[in-house]
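Trainee: Hi! Could you walk me through this one with me looking on?

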Amino acid sequence: MQQSQMTGRFITFEGGEGAGKTTLMEGLAHRLTQEKGRSVLKTREPGGTELGEEIRHLLLKKRSLMSPYAELCLFLASRSEHIREVIQPALAKGQIILCDRFNDSTIAYQGNARGLSMEKVAHFCSFISEHLTPHLTLYLDIDPEQGLQRAHKVREQDRIEAEGLAFHKKIREGYLAIAKKEPNRFHLLDASQPPAQLLEAAMRLVLRYV
Ligand code: T5A
């Protein structure tokens, strides 16, 4: 079935480390379910399927050594499974899918920060996802130092988070380039605002699409 024939809505959440995506997704899922009576599916990448969660473990554990190319292939393998097993069936059922990270993460992290080229990585992403595009992407923009501080407070650093500040600045630079290129889909939200304010701003945007 083509994406245009599916009645669901595919909303993705993007941002650097500790931007507040998980917190925002929880809030939106609650409000869309309780106030709007919508069926909401929350999922994440890497992960979302049995194989995807195993790949996530490989990708994030600190001892893993891999080239940027192998890293890219693992993220894409997880995504391929996730699309076919989870996202497409949920879209066909008319659900609202809230997905923590998708192609834009790969373009910003592997394309810009790892230096594999944003254009080339975008091409691979499009091929793997058979051109499936989010109806809406909420990008939580935060100063990388502030985001890393938030993330460190709640959990141990993983392999990617442990990269230096220059790497995390490139991720933000990559996201800002996407925001310029795709202003209709990719909406920037100031992630330094308090959670309740951020939720209100996000809810206003989401209601235009569901
Ligand atoms: N990756 C992923 C790639 O390199 N390529 C890819 O293609 C994909 C898909 C995934 C890693 O993989 C990389 C990106 C990542 O490095 P992950 O554990 O899923 O790993 O990492 P994150 O998605 O970054 O998860 P985090 O938990 O770090 O960030 P969140 O979900 O953005 O933040 P959240 O909501 O957990 O909040 C963090 C802390 O901040 C507080 C929360 O209470 C929490 O304590 N907080 C706020 N504080 C103040 N104001 C706000 N507005 C706040 N919102 C939350």
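Trainee: Which residue has a polar backbone atom 3.2 Å from an oxygen atom of the ligand?

Mentor: That's Gly18. A polar contact here is a pair of N or O atoms within 3.5 Å; within protein, one must be able to donate a hydrogen and the other to accept it, and residues adjacent in sequence count only if both atoms are side-chain atoms. Keep in mind that this is a predicted model: local features need pLDDT of at least 70, side-chain atom pairs count only at pLDDT 80 or more, and totals for chains, interfaces and linings use all residues. Residues are numbered from 1 along each chain as its sequence is written, and side-chain values use heavy atoms, leaving out hydrogens and water.

Trainee: And what about the side chain of Lys21, how far is its N or O atom from a ligand oxygen?

Mentor: For Lys21 the distance is 2.5 Å, and for the side chain of Thr22 a ligand oxygen is 2.4 Å from an N or O atom.

Trainee: How much of the ligand does the protein bury?

Mentor: The protein buries 85% of the 1,000 Å² that the ligand exposes when taken alone, with areas from the Shrake-Rupley method and a 1.4 Å probe.

Trainee: New topic: how many aromatic pairs are there?

Mentor: There are 5. Rings of Phe, Tyr and Trp (its six-membered ring) pair if their centres lie within 6.5 Å; planes under 30 degrees apart are stacked, over 60 edge-to-face, the rest tilted. One of the pairs is Tyr175 with Phe186, stacked at 6.3 Å centre to centre and 25° between the planes.

Trainee: Are those two buried or exposed?

Mentor: Both Tyr175 and Phe186 are buried, meaning under 20% relative accessible area (1.4 Å probe, protein chains only).

Notes
Buried < 20%, exposed > 50% of the residue type's maximum accessible area, 1.4 Å probe, protein only.
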